[in-house]
Amino acid sequence: ALLQVRARTVLEMIEQARPFAFNDFAYDTTAVAKHWKDAAAVRVRLERIRADFDSLSEWTEAALEECLRGRAEAEGIGAGKLIHPLRVAITGTGASPGIFEVACLLGRVRTLQRVDRAIVTLSATAPGGGASGGA
């Protein structure tokens, strides 16, 4: 149902469903270039939001959104500076259904594992070189 409104064909739905079915997916190079441009800053932000998410007592869309928006406010940045890099970390893409819906569907463990994978990918990035599209 999350993908139905975003897909016009069955093939589009299959492609958009890939991050839900497989944990080992490539990061879209366009999304990486746009949302992980400053790899060091993004890594730190993902580490912080990961810790915040891990400490949540309930894993709901509302709790995740409140947590993320609170982190953005504490950092003095717009929520998009966390949402978009998080979307790339969790789905590998720059577009998806609502990120809080996606995180709930994936569950706590898979979501946090994917954020961990993104942090490792960003940590391996050469200074000033931008994150790689593989992984």
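Which residues does F53 touch, not counting residues up to four places away in sequence? F53 touches W59, L64, C67, L68, L86, R108 and L112, where a contact means heavy atoms within 4.5 Å.

## Basis of the model

This is a predicted model, in which local features need pLDDT of at least 70 and side-chain atom pairs count only at pLDDT 80 or more, while totals for chains, interfaces and linings use all residues. Residues are numbered from 1 along each chain as its sequence is written, and side-chain values use heavy atoms, with hydrogens and water left out.

## Overall architecture

The chain has seven helices and zero strands. Helices (H or I, at least four residues) and strands (E, at least two) are DSSP runs, numbered from the N terminus. Of the 135 residues, 41% count as buried, that is, under 20% relative accessible area with a 1.4 Å probe, protein chains only. Among contacts between residues at least 6 apart in sequence, 66% join residues at least 24 apart.

## The nonpolar core

In soluble globular proteins, nonpolar side chains tend to be buried together. A nonpolar core is a set of buried Ala, Val, Leu, Ile, Met, Phe, Trp, Tyr and Cys residues joined through side-chain atoms within 4.5 Å. The largest such core here has 34 residues, and those with the most contacts inside it are W36, L46, F53, L68 and L86. Two or more residues come from each of α2 (29-35), α3 (39-54), α4 (61-75), α5 (80-91), α6 (99-106) and α7 (108-123). The most is given by α5, with six residues.

## Helix packing

Helices α3 and α4 pack at an angle of about 135°, with their axes 10 Å apart. Axes are lines fitted to C-alpha atoms, for helices over the stretch in contact, and angles run from 0 to 180 degrees between N-to-C directions. The angle makes α3 oblique to α4; angles under 35 degrees count as roughly parallel, over 145 as roughly antiparallel, 65 to 115 as roughly perpendicular and the rest as oblique. At this pairing, R45, R48, I49, D52 and F53 in α3 meet L64, C67, L68, R71 and E75 in α4.

The axes of α4 and α5 come within 9 Å and cross at roughly 125°, which makes α4 oblique to α5. Here L68, R69, R71 and A72 in α4 meet L82, I83 and L86 in α5.

## Helix α7

The buried residues of α7 are T111, L112, R114, V115, R117, A118, I119, T121 and L122. At 1.5 Å a residue, its 16 residues should span 22 Å, and the end C-alpha atoms are 22 Å apart, which agrees. The expected span is 1.5 Å times one less than the number of residues.

Terms used:
Buried means under 20% relative accessible area, exposed over 50%, partly exposed in between (1.4 Å probe, protein chains only).
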